[in-house]
Amino acid sequence: MTDHDHSRHHDHSHEHDHSHHDHGHSHDHAPTVTADSAKRVKLAMILTAGFMLAEVIGGWISGSLALLADAGHMFSDSFSLGLALFAFYIGDRAPDKLRTFGYQRFQVLAAFVNGLTLVAISVWILIAAIERFTQPTEVLAGPMLVIAVLGLLINLVVFKILHGGDQENLNLRGAVLHVIGDLLGSVAAIVASVVIMLTGWMPIDPLLSMLAAALILRAAWKILRRSSHTLLEGTPEGVDIAQIRDALLGVEGVKGLHDIHVWGLTPQDPLLSVHLVIEAPELHDSVIERAYNVLQTRFGIQHATLQVETRDCLTGGECNHGMVVHP
């Protein structure tokens, strides 16, 4: 497992008008990406890319839109898994002068791109299906069924590989959603081929393709919503700012706070900054120690920046909104 765990505390005391401003920083950039997750994604990418070629050939020979749609989705998967793998490796790089937080955020950016590719594939399938309704094409159900069954088996193997990884990782979660879309595509192709073999009804092929596209689009919306929330510095899931504020106000020596912000490099790595107003300058060390302990033990926040002041809004900021948490 790749795991960097380093913590630094910096406390600066500046005297202005007989008041003290103390900045406490605790840094713990611990990548949640593991070597196991990267290995799983790499194996899944190889299997997906390999079978994609078989689906393209099978779809072209049989004339099945469902197979070609699934092949297009598997192409998107191969690209997305490759991007996810690259994100795993680059996200593990140490911070540098240009990117002091490191490269973990690249994982979220890659997940956002994955979501966009899912949308593009869904739109392509829907357009192709509509065209197929207006211009029916004969489908060879036999070859279509064989390829679809093989595709289902491959997708089940890939799903098992990825599902055994860290599901809290946004990038790996996005890859799993891609594979679920592939599974649905394979099932749709199997059903379509059986219906065509038994009844000869060709519209079933584009009809089930449209159903698969709708389900893929739903999965894309979920991953886009979560990744864009993180990119917009939204509050990480499961983090309640009101509870954090109340807990910090309950720390002995704290009489007020303002400018509280919680965001995350990734959904699993919450960050916090806040200004704490203390009762007396000599309490600053004990307040910092107790506040960090509350944040780490109760809320799992390992990276926090605390600015300690002896007067309300001594250094400015959103002082008028210091005690209000807006929805």
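Reader: What do the buried residues of H7 pack against?
Author: This is a predicted model, to be clear. In it, the buried residues of H7 pack against E3, E4 and H8.

Reader: Which residues of H7 are buried, and what makes them count as such?
Author: Ile241, Ile244, Arg245, Ala247 and Leu248. The cut-off is under 20% relative accessible area, so that is where those residues fall.

Reader: How do you know that they are on the same side of H7?
Author: They cover an arc of only 165° around the axis, so they end up on the same side of H7.

Reader: How do you know that H7 meets H8?
Author: Contact takes heavy atoms within 4.5 Å. Gln243, Ile244, Ala247 and Leu248 in H7 meet Ala291, Val294, Leu295, Arg298 and Phe299 in H8. By class, that contact has 7 nonpolar, 1 polar and 1 charged residues.

Reader: At what angle do H7 and H8 pack, and how far apart are their axes?
Author: The angle is about 140°, and the axes are 10 Å apart. H7 spans residues 241–249 and H8 residues 284–299. Their crossing is right-handed.

Reader: Why are E3 and E4 called paired?
Author: Pairing needs at least two bridges, and 8 join E3 to E4, so they qualify. The two strands run antiparallel, with Gly264 opposite Pro270 in E4. They form a hairpin with 5 residues between them.

Reader: What makes E3 mostly covered?
Author: Of the 11 residues in E3, 9 are buried.

Notes
Residues are numbered from 1 along each chain as its sequence is written. This is a predicted model: local features need pLDDT of at least 70, side-chain atom pairs count only at pLDDT 80 or more; totals for chains, interfaces and linings use all residues. Side-chain values use heavy atoms; hydrogens and water are left out. Buried means under 20% relative accessible area, exposed over 50%, partly exposed in between (1.4 Å probe, protein chains only). Helices (H or I, at least four residues) and strands (E, at least two) are DSSP runs, numbered from the N terminus. Axes are lines fitted to C-alpha atoms, for helices over the stretch in contact, and angles run from 0 to 180 degrees between N-to-C directions. A crossing is left-handed if the near helix is turned anticlockwise from the far one by less than a right angle, and right-handed if clockwise. Ala, Val, Leu, Ile, Met, Phe, Trp, Tyr, Cys and Pro count as nonpolar, Asp, Glu, Lys and Arg as charged, and the others, Gly among them, as polar. The arc is that of the directions from the helix axis to the C-beta atoms.
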